[in-house]
Amino acid sequence: MTATEQTTGGYVGRSIPSRTGDRFVRGAGRYVDDVHHNREATLVVLRSPHAHARIVSVDTSAARAMDGVYAVATGAELFEEIGPQQYLWDLPGQKTGHGRPLTVDKVRHVGEPVAVVVARDQYVAEDARDAIGIVYEPLPAVTTMDQALAPDAPLLHEEWGDNVQVRAAWPVAIPGLPEPPDAGAALAGAHTVVRETFTTSRILASSMETRGVVCDYDPTGPRLTIHTSTQSPHQIREGVAAMLGVPENRIRVIAPDVGGAFGMKAVLYPEEALVPYFALRLRRPVRFTEQRDEAFVASTPSRDQRMELEIGFDADARIVGLRARYLIDLGSAPSTCGAGTGWATGALLCGPYAVPAVDIAATAVVTNKTPLGAYRGFGQPEANFPVERLLDIAAPQLGLDPVELRRRNLVPPEAFPFTTATGQLLDSGDYPGMLGLALDRPAYRDMLRERDEIRAAGRPAGIGIAYFNECTNFGPSGVFPLIGITTGGWDATSATVEPDGRVRVVSSQTPMGQDLETAFAQLAADRFGVPLDHVTVRFGDTDSSHYTAYASGASRAAGIGGSSLILAADKAIDKMRRIAAHLLEADPDDVEHSGGEFRVRGAGAAGLSYATVAAAAYQGGNLPEGMEPGLETLGAFDPQALAFSYGVVVALVAVDPDTGQVGVPRMIFGHDCGTQLNPRIVDAQIVGGALQGQGAALTEEIVYDESGQPGAVGFADYLMPIAREIPELDVFHTVTPTPFALNGAKGVGESGVIAAPSAIVNALQDALPAGAAPLTSIPVLPERVLAALATEPAR
């Protein structure tokens, strides 16, 4: 089914107000920093001031002697105490670092943990940290990808022999299947070939809440209870257990309210091992709170790729082949997600287009910067920007409007399911239809009028378009080992009908601002046929939430988490039907479930309420033979394939010719994520992602000088969009359910951020003089805009 409006007969598909919004607005959220215990100690980290240096000596005597200091430790002292981290993405052939939470002989980026102090409070701990004396021998820093690949480059990890962490290539030949098409031959025979080099900068998620960890120690067992600001409670428990040698059943991980994550909090960090280690060692609670300046060197940034891209077209402007060579700057060593973002870029480079042949090669290198990690989009904005910009660059050479060039190359609706040249299965959609709807919007006519008015007033203005699809419902467990992912991809939810007939749902997903409590309550209420206020939803605790193989990320909650909820609900309903049939002395096949009751089909008699059936289930004395008492069920769902959301972004930009500042007054966002559990939540996700994309396009960047010192250590240096810069957004949807989720839902968490930078830069190029050089790097800072405005118009 494809429709411009989603129909609904219940709660799903309605913009139900948030269940948690009032609590957060009143300041009643409970974050890690709100968790405190008696006898609590504070841990702080001594971080390297150098990008690359050998550690000659460490003197901790003064720190140890200070009053209120409970422990001081160096990397050498803890090397055998705490094991190496595990890797979520372990691509074939990848190299790894030492993996310990503290470095030993050498530092490889500014901010790398060197030593820790545990003390009475933050003040004493920081004073003791500052009293530690370290002698460094500075080494030449590697700060660019080109430097990393130079034959005489300093080596970050001498045992590697070079600075290359891993390589990957597409297409992948599969035994028993035909050989992939030859992209080289296709490009050689193309009517027109367009090539350019594109760069995406290093940026930071900048969540409102920095990272934090609090670990309580219980001597019985012993047992550890860890509160941490994370997307991945079960994965944190696994990682801590492996690094400390503590059985998982003695570790409880709780994710309280999470003040923003965006993928950055999906990985295990050194402090999440250090804090429980010292709780065990000192037999007391220990806490760590990341300071904002620490976040700029200690929390994983993302993006940071450079791609040489060429696309060949036939005489009808249809793509015949694509070749890409790109580099990923991983920073000083792979984080637990390894080179996963770089892999995703190559695998998803074809995007929504019918590209018959590809030749893609990726190289991940290490440099003296903070290790790269996940961030909203996970490799997809890095793929979208080069392709969408190159299509705009190619259009005039082909004598076509950029919209028409895209229309000719989008995967047609009759081709779904469609396998891309990199092996990705696109599940469903009407890509050209979405494009047409965007340009038919009244908002597009308003955009054209406003552009002309701005130009008439003597200011540059332009309109740009970009198309995208988003890889969501990331999960087929059978595929994961083939791409180096060490976990499964399934998700689990438990559903309990309480003795009074009310419903309690416990999900293994973790809320971090996406309002899952509301969406899952809607889904459960519809499935059980009960009022919304009869449903409670709980998350984020490894003692109560079932294990999830891949945690909360990759836009999995609605499709995979929601499907597991449906399975759990159906199991509970089936058991209740059999109990009701027993009480009604009827065949279970003759008992129907409707409106929160069970009745004999066609009998005309009153049905049994949930409360009546549940009371019998928990009393236990009058149940069908062999049935266990109680009404708690578990549903686990592993998708057969990925689901791809898709859409189009149209942006209007206006330029201040005196300062080079770029504003984005309007944006149109067409989107399809299949079944929408709650359209209000979907729109909020899109708007938030689009604003992050605006920052990536125009202002956000972490730069490093030649010695490897970062240029941004706070928000005075790292500029994100502010409230007055939010564009007027016209968001519209179509609904094309995926066949690979029980509720037809695809993900939406990353859609907003993927194509917004491309649309904004395409619009900015349209605003510049005709002779201006192509914009090929983001962010496009004001000085770059001013230089382009000085370009002589083409004749």
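**Cavities, domains and pairings in a predicted model**

Modeller: By class, the lining of the second largest cavity comprises 10 nonpolar, 4 polar and 1 charged residues. The model is a predicted one, in which local features need pLDDT of at least 70 and side-chain atom pairs pLDDT 80 or more, while totals for chains, interfaces and linings use all residues. Residues are numbered from 1 along each chain as its sequence is written, and side-chain values use heavy atoms, with hydrogens and water left out.

Colleague: What makes a lining residue nonpolar, polar or charged?

Modeller: The class follows from residue type: Ala, Val, Leu, Ile, Met, Phe, Trp, Tyr, Cys and Pro count as nonpolar, Asp, Glu, Lys and Arg as charged, and the others, Gly among them, as polar.

Colleague: Why is such a space called a cavity, and what makes a residue part of its lining?

Modeller: A space is called a cavity because, on a 1 Å grid over the protein atoms alone, it is a set of points where a 1.4 Å probe fits but cannot get out; a lining residue has an atom within 4 Å of a point. The second largest cavity has a volume of about 110 Å³, a volume being the space filled by probe spheres set on grid points joined across faces, edges and corners. Among its 15 lining residues, L348, G351, A383, N384 and N469 are the closest to its centre. Both α11 (380–398) and β18 (461–472) supply at least two lining residues, and α11 provides the largest share, 5 residues. These elements are DSSP runs numbered from the N terminus: helices (H or I) of at least four residues and strands (E) of at least two.

Colleague: What makes residues of domain 2 and domain 3 part of a contact?

Modeller: They qualify because contact means heavy atoms within 4.5 Å. The contact takes 21 residues from domain 2 and 20 residues from domain 3.

Colleague: What area do domain 2 and domain 3 bury between them?

Modeller: They bury about 1,500 Å², 58% of it on carbon and sulfur atoms; buried area is the accessible area (1.4 Å probe) that two parts lose on being put together, summed over both. On the domain 2 side, F474, L677 and L742 lose the most area to domain 3, together 41% of what that side buries.

Colleague: Why is the pairing of R680 and D515 called a salt bridge?

Modeller: The term requires a side-chain nitrogen of Lys or Arg within 4 Å of a carboxyl oxygen of Asp or Glu; R680 and D515 lie 2.7 Å apart, N to O, and therefore qualify. The count between domain 2 and domain 3 is 1 salt bridge, and the structure holds 49 salt bridges.

Colleague: Which parts does the pair of D543 and R223 tie together?

Modeller: D543 and R223 form a salt bridge whose closest N and O atoms are 2.5 Å apart. D543 lies in the loop between β21 and α16, and R223 in strand β10 (residues 223–228), so the pair ties together parts that are 320 residues apart in sequence.

Colleague: Which peptide bonds are cis, and what are their omega values?

Modeller: The bond joining W170 and P171 is cis, with omega about 5°, and P171 lies in the loop between β7 (164–170) and α6 (183–188). The bond from F416 to P417 is also cis, with omega near -5°; P417 is in the loop between α12 (402–409) and β16 (418–419).

Note on methods
On a 1 Å grid over the protein atoms alone, a cavity is a set of points where a 1.4 Å probe fits but cannot get out, and a pocket is an open set with protein on both sides within 12 Å along at least five of seven lines; lining residues have an atom within 4 Å of a point.
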